[in-house]
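Subject: Structure handover

Hello,

Please find the structure below. My notes on it come after.

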Amino acid sequence: MKGQSLSNTSLLPSLDREGKLELYRQMLQIRRFEEKAAQAFQQAKIKGFCHLYIGQEAVAVGTISVLNPDDGVITAYRDHGHGLARGMDPKACMAELFGKATGCSRGKGGSMHFFDANKHFYGGHGIVGGQSALGIGIAFAQKYKGTNAVTLCYLGDGAINQGVFHESLNLAALWKLPIIYIIENNEYAMGTSVSRSSAGSPLVKRADGYDMAGITANGMDIDDVRAKTAEAVSLARTESQPTLMEIHTYRYRGHSMSDPGTYRTREEIEKYKKYDPLLLYRTRLLDEKIATETDFEEIDKKATAVAQEAYDFAEKSEEPALETIYEDIFTPETQINEIPFRNKPI
Ligand SMILES: Cc1ncc(C[n+]2csc(CCOP(=O)(O)OP(=O)(O)O)c2C)c(N)n1
Ligand SMILES: [Mg+2]
């Protein structure tokens, strides 16, 4: 089991036509949402950081599609795709990007801090690798309370050499926690390619050091992502065993909206676009006569409209009131209403 695929792919119930089209719809929704976000960023309606997920959609949609509603999800700052795949409202997500009070984090988190506790989506975190340890806490609570839920914790290839990641893998294995660590290997950590930053290949081999299962998946192929994730989820749910997954993927846009991308060639990006996850899945559904060009046009029209509605909603929404600046820092039970420097000019 160490460092290898578990090979049992019968754990995943097959999807009907609607289910398959829904996967495509979700991937396209993420893409159209982010294209709109990129436009809003260029119009200076979105400020600060904005990391796009375009190219990686099959990872979030494929992995989250095998979860139960009460399973936990936690990720890094490239979080728009995971939030939307978890069923978050695109309006609340776009409003968050715009820094508006109607945003999912009341406009105080921005792009890197999407959050929706009702959907068991626990962020959106900016400290590289930090979510590894938070994921442990979620999985520990799930096990301790006997919920039978599992946690997916995503991180980039650039996060796996952080000490906290290794401490987390150690505890996950030692305490047999129902957590699946998913390395989204998109080849780059900002402008540094994985070959320049990580000793030892493939990255999933790191599972061996902790006697954990290790599974590799092709992040351009949503069917492969789903099948491999189902193996890991089953192991976590039925045996309370953690897994490390490495999913190979690629981002087409810069690290963030402010990245000129001088560290890679246009040819490289174009090469990966030939294996685009949406294109691949669409071609498969057409070949299998599950859907027609008209079906895809219809889905695209709706996804584009949803993105536009989200943009309009965000634009019309109000900014958070200045008096609310010290709210939402602590849980309601521990909210501090009197902060000594509160009334002093900032
Ligand atoms: C602890 C810490 N160190 C450095 C940074 C700066 N930083 C932000 S993103 C990033 C690269 C992470 O790359 P990767 O984990 O591969 O994720 P990707 O951007 O590819 O999704 C770095 C070094 C940070 N946010 N936190
Ligand atoms: Mg990366």
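This is a predicted model: local features need pLDDT of at least 70, side-chain atom pairs count only at pLDDT 80 or more; totals for chains, interfaces and linings use all residues.

Residues are numbered from 1 along each chain as its sequence is written, while chains are lettered from A and ligands numbered from 1 in the order in which they are written.

Helices are DSSP runs of H or I with at least four residues, numbered from the N terminus. Axes are lines fitted to C-alpha atoms over the stretch in contact, with angles from 0 to 180 degrees between N-to-C directions.

**H1 and H2**

Helix H1 covers residues 17-42 and helix H2 residues 57-64. Their axes come within 9 Å and cross at roughly 140°. The crossing is right-handed (near helix turned clockwise from the far one by less than a right angle). Leu23, Gln26, Met27, Ile30 and Arg31 of H1 meet Glu57, Ala58 and Val61 of H2 (C-beta atoms, placed from the backbone, within 7 Å). This contact has five nonpolar, one polar and two charged residues. Asp, Glu, Lys and Arg count as charged; Ala, Val, Leu, Ile, Met, Phe, Trp, Tyr, Cys and Pro as nonpolar; the others, Gly among them, as polar.

The length of H1 also checks out: its 26 residues should span 38 Å at 1.5 Å a residue, and its end C-alpha atoms are 38 Å apart, which agrees. The expected span is 1.5 Å times one less than the number of residues. Ala44 follows H1 with a positive phi, near 60°.

**H4 and H11**

The axes of H4 (residues 90-97) and H11 (residues 293-316) come within 8 Å and cross at roughly 50°. This pair is therefore oblique. The crossing of H4 and H11 is right-handed. H4 residues in the contact include Pro90, Cys93 and Leu97; those of H11 include Val306, Tyr311 and Phe313. By class, the contact has eleven nonpolar, no polar and two charged residues.

**H5 and H6**

H5 (residues 130-144) packs on H6 (residues 163-174) at about 20°, axes 7 Å apart. H5 and H6 are therefore roughly parallel. Their crossing is left-handed.

**Ligand 1**

Which residues are closest to ligand 1? Val128, Gly156, Gly158, Ala159 and Ala189, out of 13 that surround it (C-beta atom, placed from the backbone, within 6 Å). The shell has six nonpolar, five polar and two charged residues.

Best regards

Note on methods. Helices (H or I, at least four residues) and strands (E, at least two) are DSSP runs, numbered from the N terminus. Two residues are in contact if their C-beta atoms, placed from the backbone, lie within 7 Å. Angles under 35 degrees count as roughly parallel, over 145 as roughly antiparallel, 65 to 115 as roughly perpendicular and the rest as oblique.
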